[in-house]
Amino acid sequence: MTTTPERTRVQPPPSAVETVTLASERDRRPGRVPRWVLKTISPIALIVLWQVLSSVGVLDTDTLASPVTVAETAAGMWQDGSLQSAVLTSVLRVLAGLAFGIVAAVVLATLAGLFRRGEDIIDAPMQMLRTVPVIGLIPLLIIWFGIGETPKIVLVGLAVTFPLYINLYSGIRNTDSTLIEASETLGLGWFGQVRHVILPSAMPQFLTGLRYALGTAWLALVFGETINATSGIGYEMNKAREFFATDVIIVCLVLYAILGLVADMIVRGLERGLLSWRPAFSGQ
Amino acid sequence: MATGVQRTVSDQRTVDAVSVRGLTRRFGDRAVISDLDLDIEPGQFVALLGASGCGKSTLLRILADLDKDVSGEVTVARRRAVGFQAPRLMPWKKVWHNVVLGLPGKPDRDRAVAALTEVGLAHRVDVWPKVLSGGEAQRAALARALVREPDLLLLDEPFSALDALTRITARGLVDELWQRHGCAVLLVTHDVEEALALADRVLVMQDGRIGYDAPVDLDRPRDVTDPEFQRLRAELLARLGVH
Ligand SMILES: Nc1ncnc2c1ncn2[C@@H]1O[C@H](COP(=O)(O)OP(=O)(O)OP(=O)(O)O)[C@@H](O)[C@H]1O
Ligand SMILES: [Mg+2]
């Protein structure tokens, strides 16, 4: 670079600088619309629109029952107890499948994640099997386990095992090696390293897997229950189909949605409780 | 594993904290450390300098027993502690829990608090590591090292990521802690002034061995303006190839 003794300015100094306001009193002004209000506005608007379309007659009641009819049906099902018993049956199936799936995934992923030998024996078949759509196994499950509770629980268990396994395994394998090294210098033995370093570091991904697994669990249950069942939400839905009872079908769909939401909330709660150490971005 | 490894751990305090004979470490064909000898007396503060990539961290990792693929004879104090360039705290453990992690028995909170107080972190006992500043995290790592009451403390550029002012404060803290605990220290650093401010002895690593080894006979606390300090500084810089 060459410098001339007298530096000349190419441009005159700006007389004013363009600014942005990053913080001001205005931002802290009370009375802004709370977030939960904003979040509920659009779903409510959708339901109102649906009711209006039904009342005006644009939506035929045989095609889709109106929100008011759906609410009345739900109240009726609550009163005769069929709603509660269907929900209970379905929830128990998911819980049983979930329990089996979590145990299987944790055992398999821990063995594959921690031991070379375990990886060789377990990981390859798991990676192969996970490409099989679980729903496609229903015919086989019926042949093997009949049409009782077992095939439904096994179906949910399988649907849960794979996403959990994949996430926990990769969580274990992605443990920061510098932390393992540090723990070695602190005198932690193998067991201590697994307990204090490897498993905690895999926890975020395990919970991501759990959230995903819950989603697939409900999906598997819907399939399992609609194809053959004598109780549960899916059974009610299937029965309603024969009578063109769209109101009952909608009630069942809403139930599935609510149960899915509740499951999601539980995992979020777990994440809040177990991962508060994490410097995570939580949006604006 | 390499051949001819002899690794002993010293029991008595009377023998040296570090005693290395004919140490060689190869990465592929290249010997990063070749036939290196080194002794460090108990309680001695030694600074290790050398050009980037000359093998300082490699030597430190061998002394920390993190790198076992060596040939030669290496004897080190049984009770060792290591401080790395990054604090390497477990993010999922509260600061106090990090400090006593790996100690035998139940996690002893009082002991952690005492160690954290020593490094000026008494108010940070119960927080997650994520909220610590860089300097605070490094001090917590120092507390974690010292709570083990080591006879040998190995530090690999522990302050190089800190700003100049924090580094000077941290340097004072290490000096103070060393005087109190009396452990031998091997400090890897790129900062000649830091080495001369802290160490009893400075080493320069060259061609895979200790190429320069000189005592620092200056009164403590060290005075940067002391002509002898300046002379040593110039000599060291010359040794490091900076003129
Ligand atoms: N695991 C490894 N595999 C191959 N080469 C390595 C490995 N670890 C270190 N080396 C090489 O050994 C040499 C010495 O590395 P080392 O980290 O000890 O240097 P250093 O003196 O600490 O350098 P710096 O001052 O930059 O930290 C480097 O050339 C490096 O590339
Ligand atoms: Mg280094």
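Is Arg61(B) buried, partly exposed or exposed, and what is its relative accessible area? Arg61(B) is partly exposed, with a relative accessible area of 28%. This residue belongs to a predicted model, in which chain A and chain B bury about 1,700 Å² between them.

**Interface of chain A and chain B**

- Contact between the two chains involves 18 residues of chain A and 19 residues of chain B.
- Of the area buried between chain A and chain B, about 1,700 Å², 66% is on carbon and sulfur atoms. On the chain A side, Thr185(A), Leu186(A) and Trp277(A) lose the most area to chain B, and together they account for 38% of what that side buries.
- Three salt bridges are counted between chain A and chain B.
- Eight residue pairs are in polar contact across this interface, with both residues at pLDDT 80 or more. On the side of chain A that touches chain B, α7 (177-185) and α8 (190-227) of chain A each supply at least two residues. The most is given by α7(A), with seven residues.
- By residue class, the side of chain A that touches chain B comprises eight nonpolar, seven polar and three charged residues.

**Helix α7 of chain A**

- The buried residues of α7(A) are Leu179(A), Glu181(A), Ala182(A), Ser183(A) and Thr185(A).
- Within chain A, the buried residues of α7(A) pack against α8. In chain B, they pack against α1, β6 (80-83) and α4.

**Salt bridges of Glu181(A)**

- Glu181(A) forms a salt bridge with Arg61(B), and their closest N and O atoms are 2.8 Å apart. This pair crosses between chains, running from helix α7 of chain A, which holds Glu181(A), to helix α1 (residues 56-63) of chain B, which holds Arg61(B).
- The side chain of Glu181(A) also meets that of Arg88(B) in a salt bridge, at 3.0 Å from N to O.
- Glu181(A) has a relative accessible area of 17% and is therefore buried, whereas Arg61(B), at 28%, is partly exposed.
- Side chains of opposite charge can pair when their charged atoms come close.

**Other salt bridges**

- Over all chains, the structure holds 26 salt bridges.
- In chain B, Arg171(B) forms a salt bridge with Asp191(B), with 3.5 Å between the closest N and O atoms. Arg171(B) lies in helix α5 (residues 164-181) and Asp191(B) in the loop between β8 (184-188) and α6 (192-198) of chain B, so the pair ties together parts that are 20 residues apart in sequence.
- Both partners of that pair are buried: Arg171(B) has a relative accessibility of 15%, and Asp191(B) has one of 19%.
- Glu228(B) and Arg231(B) form a salt bridge in which the closest N and O atoms are 3.0 Å apart. The two residues are separated by about one helical turn because they stand three residues apart in helix α7 (residues 227-239) of chain B.
- Glu228(B) is partly exposed at a relative accessible area of 33%, and Arg231(B) is partly exposed at 41%. In chain A, Arg211(A), Asp264(A), Arg268(A) and Glu271(A) are joined into one network by salt bridges that share partners.

**Gln138(B)**

- Helix α4 (residues 134-146) of chain B contains Gln138(B).
- Gln138(B) counts as buried because its relative accessibility is 7%, below the 20% limit.
- A polar atom of the Gln138(B) side chain lies 2.8 Å from the backbone oxygen of Gln85(B).
- Beyond its neighbours within four places in sequence, Gln138(B) is in contact with Phe84(B), Gln85(B), Ala86(B), Pro87(B), Pro158(B) and Phe159(B).

**Surroundings of ligand 1**

- Ligand 1 is surrounded by 13 residues, the closest being Ser52(B), Lys56(B), Ser57(B), Thr58(B) and His190(B).
- An N or O atom in the side chain of Ser57(B) is 2.7 Å from an oxygen atom of ligand 1.
- From Gly55(B), a backbone N or O atom lies 3.0 Å from an oxygen atom of ligand 1.
- For Glu157(B), an N or O atom of the side chain is 3.4 Å from an oxygen atom of ligand 1.

Key: Residues numbered from 1 in each chain as written. Chains lettered and ligands numbered in written order. Predicted model: local features only at pLDDT ≥ 70, side-chain atom pairs only at ≥ 80, totals over all residues. Heavy atoms only, no water. Contact = heavy atoms within 4.5 Å. Buried area = accessible area lost by both parts, 1.4 Å probe. Salt bridge = Lys/Arg side-chain N within 4 Å of Asp/Glu carboxyl O. Polar contact = N/O pair within 3.5 Å; in protein donor to acceptor, adjacent residues only side chain to side chain. Helix = DSSP H or I, 4+ residues; strand = E, 2+ residues; numbered from the N terminus. Nonpolar A, V, L, I, M, F, W, Y, C, P; charged D, E, K, R; others polar. Buried < 20%, exposed > 50% of the residue type's maximum accessible area, 1.4 Å probe, protein only. Near = heavy atom within 4 Å.
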